[in-house]
Amino acid sequence: MNTKIIGTGSYVPERVVTNDDLADMVDTSDEWIRTRTGIRKRHVSEGEGTAAMAAEAARRAMENGGVGPEDIDLILVGTTTADDCFPSAACEVQKAIGAVGAVGFDISAACSGFIFALNTAEALLKSYGYRTGLVIGADNLSKIVDWSDRSTCVLFGDGAGAAVVRVLEEEEDRDGGGILAADMGSDGRKAEVLRCQSRTMGNFLTGTKPEPGYITMEGQEVFKFAVKKVPECIQRVLEKGGLDAGDIKYFVLHQANYRICESIAKRLKVSMDKIPMNIEHYGNTSGATIPILLDELNREGKLEPGDKIILAGFGAGLTWGAVLLQW
Ligand code: ACO
């Protein structure tokens, strides 16, 4: 049995915010943002929720994969910005797309959310005998960004990406492949490096009032962590799959910073031709960056059956993960 991605889709809100727009709000410049991060613009929701973006990405992935809502057995959404504490974004997506026979829940692993959701989906598909899963990475970070903090507000954007994952019997798919190896990790000791305090901490017994939490980040600590952990994690999936970096067509990396991806390429000793980038258009859309980039590669016809690719991400927690797959 192979677990394969058979369809992809993505969605970003219409409204574009450029670096110059941000320079009108905080003490920054297009030059600073571009040279430090690679970002030129981002898409920001004007009220569209995480579930609405996720559902649109899901519809496009289902259309691309040739499946209908009645085919979906499992919906996992990697997100840290579900519209409500409950229900989950996954249940909202289920309602929106009419996948009434599915079970759905969210996975909280920040920017590693899509990777964690994909790995969880693969395990559940196999162990529960499900056939088709919808794996989504969706985030609306604009609602938890402090728009007066120049050290974080320039980095993020909103969006969603989705993949339809199906378990194929050998007679249905003689090419083999699919998900070949996976690796995930977390280190809660580094939680303070990247945090968004909960917004529901008010309690009348203790006299505390609810206060809005915003993203706080020690940028250089995140940078150092990412350029160490991501290559290590990629090496582990290569070893598990019996491959080396030269066998991989694309490393589809979390789009947090161009310089982080360059540094990962250097450590893996691969050229930037193998590291597709779209951060300049969208910024860091958290759990959505990897599936949005994967969808772009798929729709541009850059993925051929048999290609080996690695998806790898990192995020708050701290968390990290990678998946080796054959298209
Ligand atoms: N515009 C202008 N100046 C700025 C800005 C800005 N937007 N932001 C910070 N600065 C200033 C700082 O105040 C500092 O000024 P000082 O020297 O006078 O004190 C100077 O620029 C340098 O700041 P650094 O933080 O040292 O800049 P650095 O080169 O580290 O770049 C950055 C900052 C881009 C955030 C980088 O550290 C980075 O990308 N880190 C990784 C971030 C990341 O990947 N986060 C992922 C989070 S995703 C998730 O999991 C939710």
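Pro-87 lies in the loop between strand 4 and helix 4 (89-97), where helices (H or I, at least four residues) and strands (E, at least two) are DSSP runs numbered from the N terminus. The peptide bond that leads from Phe-86 to Pro-87 is cis, with omega near 0°. The model is predicted, so that local features need pLDDT of at least 70 and side-chain atom pairs count only at pLDDT 80 or more, while totals for chains, interfaces and linings use all residues. Residues are numbered from 1 along each chain as its sequence is written, and side-chain values use heavy atoms, with hydrogens and water left out.

A cis peptide bond also joins Gly-317 and Leu-318, with omega about -5°. Leu-318 is placed in the loop between strand 12 and strand 13 (319-326). A further backbone feature is found at Ala-110, a residue other than glycine whose phi is positive, near 50°. Ala-110 belongs to the loop between strand 5 and helix 5 (113-128). Most residues other than glycine have a negative phi, and most peptide bonds are trans.

Strand 4 (residues 74-78) pairs with strand 5 in the parallel sense over 5 bridges; two strands pair if DSSP finds at least two bridges between them. Within this pair, Leu-74 has Val-103 of strand 5 as its bridge partner. Both strands belong to an open sheet of 5 strands with mixed pairing and the order 1-7-6-4-5. Strand 1 (2-11) and strand 5 (103-107) stand at the edges with a single partner strand each, so one side of each has no neighbour in the sheet. On average, neighbouring strands of this sheet are turned by 20° against each other, direction ignored. Axes here are lines fitted to C-alpha atoms, for helices over the stretch in contact, and angles run from 0 to 180 degrees between N-to-C directions. Helix 3 (residues 50-65) lies across strand 1, strand 6 (132-140) and strand 7 (158-168), and runs at about 125° to strand 1; contact means heavy atoms within 4.5 Å.

Another open sheet has 4 strands in the order 8-13-12-11, again with mixed pairing. Its edges are formed by strand 8 (178-186) and strand 11 (250-253), each of which has a single partner strand, so one side of each is left without a neighbour in the sheet. The twist from one strand to the next averages 15°. Strand 8 pairs with strand 13 in the antiparallel sense over 8 bridges, and Ala-182 stands opposite Val-323 in strand 13. Helix 5 packs on this sheet, touching strand 8, strand 12 and strand 13, and its direction makes about 55° with that of strand 13. Helix 10 (residues 289-299) also packs on the sheet; helix 10 touches strand 11 and strand 12, and its direction makes about 145° with that of strand 11.

The ligand has 24 residues around it, of which Thr-28, Arg-36, Cys-111, Gln-220 and Asn-257 come nearest; a residue is near a molecule if one of its heavy atoms lies within 4 Å of it. The shell divides into 12 nonpolar, 8 polar and 4 charged residues, with Ala, Val, Leu, Ile, Met, Phe, Trp, Tyr, Cys and Pro counted as nonpolar, Asp, Glu, Lys and Arg as charged, and the others, Gly among them, as polar. At least two shell residues each come from helix 2 (30-37), helix 6 (150-153), helix 7 (219-241), helix 8 (258-268) and strand 12 (308-315). Helix 7 supplies the largest share, 4 residues.

An oxygen atom of the ligand is 2.6 Å from a side-chain N or O atom of Arg-36. A nitrogen atom of the ligand is 3.3 Å from a side-chain N or O atom of Trp-32, and a backbone N or O atom of Arg-150 lies 2.9 Å from a nitrogen atom of the ligand. Taken alone the ligand exposes 1000 Å², of which the protein buries 73% (Shrake-Rupley method, 1.4 Å probe).

Definitions and conventions: Polar contact = N/O pair within 3.5 Å; in protein donor to acceptor, adjacent residues only side chain to side chain.
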